[in-house]
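This report describes the architecture of one protein model. The sequence and structure are shown first, followed by short sections on selected features.

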Amino acid sequence: MRVKENIALEFDEFSKNYTQDMIACVPHYLALNQSFIKGLPKDFTPHHILDLGCGNGNVTALLLQYFPKAQYTLLDASPQMIELCQKQFKDYNIQYVTSYFKDFSFEEEAYDFVVAGFSIHHCESAEKQELFPKVYKALQKGGILSITDLMINKKHEDHPLLLKEWGTQVNHHFPDGEKWKWIM
Ligand SMILES: C[S@@+](CC[C@H](N)C(=O)[O-])C[C@H]1O[C@@H](n2cnc3c(N)ncnc32)[C@H](O)[C@@H]1O
């Protein structure tokens with residue numbers, strides 16, 4: 001499963017059964033995705049949305065229900081993921097970009113909503129430190145960056161228990177242990 005150092009290949013592979021695998025691998029995946037909508041200020045109506053690491057389009061699919069008229073830019077390093085989005089979204093104002101975050105030219109003040117679902121954790125620290133200032137500049141005044149992820153503070157007293165429960169869930173769905181190894 002692991003194709004180290006090549007996120008695009010890893011996710012080309014993961015794209016085959018993506019949503020079901022995410023539900024099996026990530027506790028609360030669907031509920032966490034809903035937080036992109038639940039956490040928004042009242043009356044916030046974005047016009048240009050950037051989906052960073054869009055995957056097969058689950059976040060955009062949700063946002064389209066609320067903001068069907070917005071312009072969308074979907075960015076992902078995996079060509080297979082971008083292809084899944086292209087097949088899924090027709091009749092919408094969507095631009096597709098197959099690129100790593102570090103190679104993407106972020107246009108200044110171009111977006112009023114930037115979303116990143118479970119994608120930024122794939123970046124090394126240095127890449128994250130480069131990415132956030134670019135996103136900040138790419139946001140219009142009053143714009144919002146929204147991120148979902150599943151992170152466990154290693155120093156928290158519940159860390160061992162949470163990790164055990166998470167591992168039990170993943171190994172229940174993928175008994176050969178490979179998926180859990182990949183996640184870890
Ligand atoms: C776990 S998936 C999340 C997909 C979707 N956002 C969701 O919430 O279901 C992570 C996605 O981010 C993409 N990705 C990870 N690191 C990336 C990077 N540095 N540049 C571009 N895409 C990246 C992967 O190809 C993958 O499609």
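## Helices on the sheet

Helix H5 (residues 79–88) lies across strand E2 (71–76) and E3, and runs at about 165° to E3. Helix H6 (residues 125–138) also packs on the sheet, where H6 touches E4 and E5, and its direction makes about 135° with that of E5. Contact requires C-beta atoms, placed from the backbone, within 7 Å; angles run from 0 to 180 degrees between N-to-C directions, with axes fitted to C-alpha atoms, for helices over the stretch in contact. Helices (H or I, at least four residues) and strands (E, at least two) are DSSP runs numbered from the N terminus.

The model is predicted: local features need pLDDT of at least 70, side-chain atom pairs count only at pLDDT 80 or more, and totals for chains, interfaces and linings use all residues. Residues are numbered from 1 along each chain as its sequence is written.

## The sheet

The order E3-E2-E1-E4-E5 describes an open sheet of 5 strands with parallel pairing; strands pair if DSSP finds at least two bridges between them. Strand E3 (94–98) and strand E5 (139–148) stand at the edges with a single partner strand each, so one side of each has no neighbour in the sheet.

Strand E4 (residues 111–117) runs parallel to E5 and is joined to E5 by 6 bridges. Tyr111 stands opposite Leu139 in E5.

## Packing of H3 and H4

Helix H3 (residues 29–38) packs against H4 at an angle of about 40°, with the axes 10 Å apart. In H3, Asn33, Phe36 and Ile37 meet Asn58, Val59, Leu62, Leu63 and Tyr66 in H4.

Notes:
Contact = placed C-beta atoms within 7 Å.
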